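We will walk from stop to stop together.

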Amino acid sequence: MHNTAAIVFRDGTTRFVKVDKNELLMDAAQRHGVNLPVDCREGVCGTCRCLRESGDVDVEYIDEEALTEEEVAAGHVLACQTRLRSSQASFYFDIDSNVCSVATEVHNGTVSAVEQVSDGAAILEITLDDPTQALPYLPGQYARIEVPGSDQWRAYSFATAAVQEGKLRFLIRLLPSGVMSDYLRDSAQVGDAISLEAPLGAFYLREVQRPLLMVAGGTGLSAFLGMLEELAEKGECQQPIRLVYGVTQEQDLSELERLEAFTETLPDFAFGTVVMTPSEAWQGNKGVVCDLFDLDFLAQPFDAYLCGPPPMIEASKTWFEENPVGEYRVFFEKFISS
């Protein structure tokens with residue numbers, strides 16, 4: 001029997017390693033070719049420090065010179081002293097992956113479906129050539145996908161919690177002109193060979209310990225679809241979750257039926273949509289995502305996850321700073337059109 005640890009680096013590269021019963025995280029990583037920084041291996045120097053972001057662990061010893069009491073209380077541990085006590089756990093190391101000789105992996109597959117789900121977005125489904133090849137990732141992370149027929153790569157968030165029957169799903173914005181957008185609109189065919197590099201990204205769902213605010217701009221929704229799916233499948237989250245979904249025009253709204261389904265499968269989930277420049281026929285909310293923030297909900301401590309265009313991210317962060325909200329943490333991923 002073994003457990004699984006996700007090791008996430010500052011540059012977003014992630015490696016999943018199998019950890020045997022009573023095995024130290026440091027030893028498991030090295031056994032899988034992930035050379036974490038290490039010096040004393042006695043819990044004294046602090047060289048192998050990291051942040052436990054989910055899962056249960058036992059820690060043998062931490063010298064007061066290695067980590068402060070406040071750091072330990074916040075979840076910091078030492079890889080050389082840490083053993084997993086849950087089937088899954090994730091750890092963040094504030095170093096780049098190349099320091100540890102870690103490279104991302106390229107996976108090959110074929111296009112198995114392309115569906116335009118709104119005027120400005122399409123679903124791309126990829127079936128891996130080898131469904132037995134592991135491609136684990138954390139909900140919210142992304143893959144770099146090579147555009148068929150070109151030497152260009154583009155980054156897109158996974159729209160599901162995990163690989164399902166060898167298939168991956170992505171919600172992709174369709175730009176007026178763009179190498180991936182043009183491919184999806186004009187030439188994509190089921191059966192096209194396609195490659196992707198994954199997993200990547202430091203934006204992912206942490207252990208849920210307090211209410212969540214999710215803020216999606218456009219196809220930034222993709223990351224949250226994967227997060228919500230995982231929470232629904234596990235059935236363990238009792239914290240309230242609110243999602244605000246903003247787009248430029250109402251024709252850009254997509255995956256609303258899927259969001260509605262989460263209101264039935266999650267115990268306390270609700271979402272709202274807002275359109276920046278709607279048509280005269282639009283009867284819903286008009287404005288920007290910040291207009292839908294609920295001060296009563298945000299008066300309590302909460303975690304905020306933001307995914308979308310940079311102006312949306314910055315406006316949301318500024319709103320939190322300027323309004324009387326509870327203590328909070330912010331995790332974000334900025335989308336840049338390409």
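Predicted model: local features only at pLDDT ≥ 70, side-chain atom pairs only at ≥ 80, totals over all residues.

Residues are numbered from 1 along each chain as its sequence is written, and side-chain values use heavy atoms, with hydrogens and water left out.

**Stop 1: an annotated span**

Select residues 104-206, where UniProt, in an unreviewed entry, places the feature "domain: FAD-binding FR-type". UniProt positions are given here in the numbering used for this model, feature names are shortened, and annotations may be inferred rather than shown by experiment. The span is 9% helix and 46% strand, and its end C-alpha atoms lie 22 Å apart. Helices (H or I, at least four residues) and strands (E, at least two) are DSSP runs, numbered from the N terminus.

**Stop 2: strand β13**

Now pick Ser195, in strand β13 (residues 193-200). Ser195 has a relative accessible area of 16%, so it counts as buried (buried is under 20% relative accessible area, exposed over 50%, partly exposed in between, with a 1.4 Å probe and protein chains only). Show side chains, and look for the polar contact of 2.8 Å between Ser195 and Asn108. A polar contact is a pair of N or O atoms within 3.5 Å; within protein, one must be able to donate a hydrogen and the other to accept it, and residues adjacent in sequence count only if both atoms are side-chain atoms.

Move along to Pro199, also found in strand β13. A cis peptide bond joins Ala198 and Pro199, with omega about -5°. Most peptide bonds are trans, and most residues other than glycine have a negative phi.

**Stop 3: two loop residues**

Which phi does Glu165 have, positive or negative? Glu165 has a positive phi of about 55°; look for this residue in the loop between β11 (153-157) and β12. Glu255 has a positive phi too, of about 60°, and sits in the loop between β15 and α5. Colour both by accessibility: Glu165 is exposed at 78%, whereas Glu255 is buried at 14%.

**Stop 4**

Select α5, whose buried residues are Arg258, Leu259 and Phe262. Seen down the axis, these fall within an arc of 100°, so they line one face of the helix (the arc is that of the directions from the helix axis to the C-beta atoms). On the other side of α5, Glu257 and Glu264 are exposed.

Leu259 is among the residues that touch the most other members of the largest nonpolar core, which has 31 residues. Such a core is a set of buried Ala, Val, Leu, Ile, Met, Phe, Trp, Tyr and Cys residues joined through side-chain atoms within 4.5 Å. The largest share of this core, seven residues, comes from α4.

**Stop 5: helix α6**

Finish with α6 (residues 310-322), which has 13 residues and reaches 18 Å from its first C-alpha to its last. Its buried residues are Met312, Ile313, Ser316, Trp319 and Phe320. They cover an arc of only 130° around the axis, which puts them on the same side of α6. Turn to the other side of α6 to find Pro311, Glu321 and Glu322 exposed.

Key: Expected span 1.5 Å × (residues − 1).
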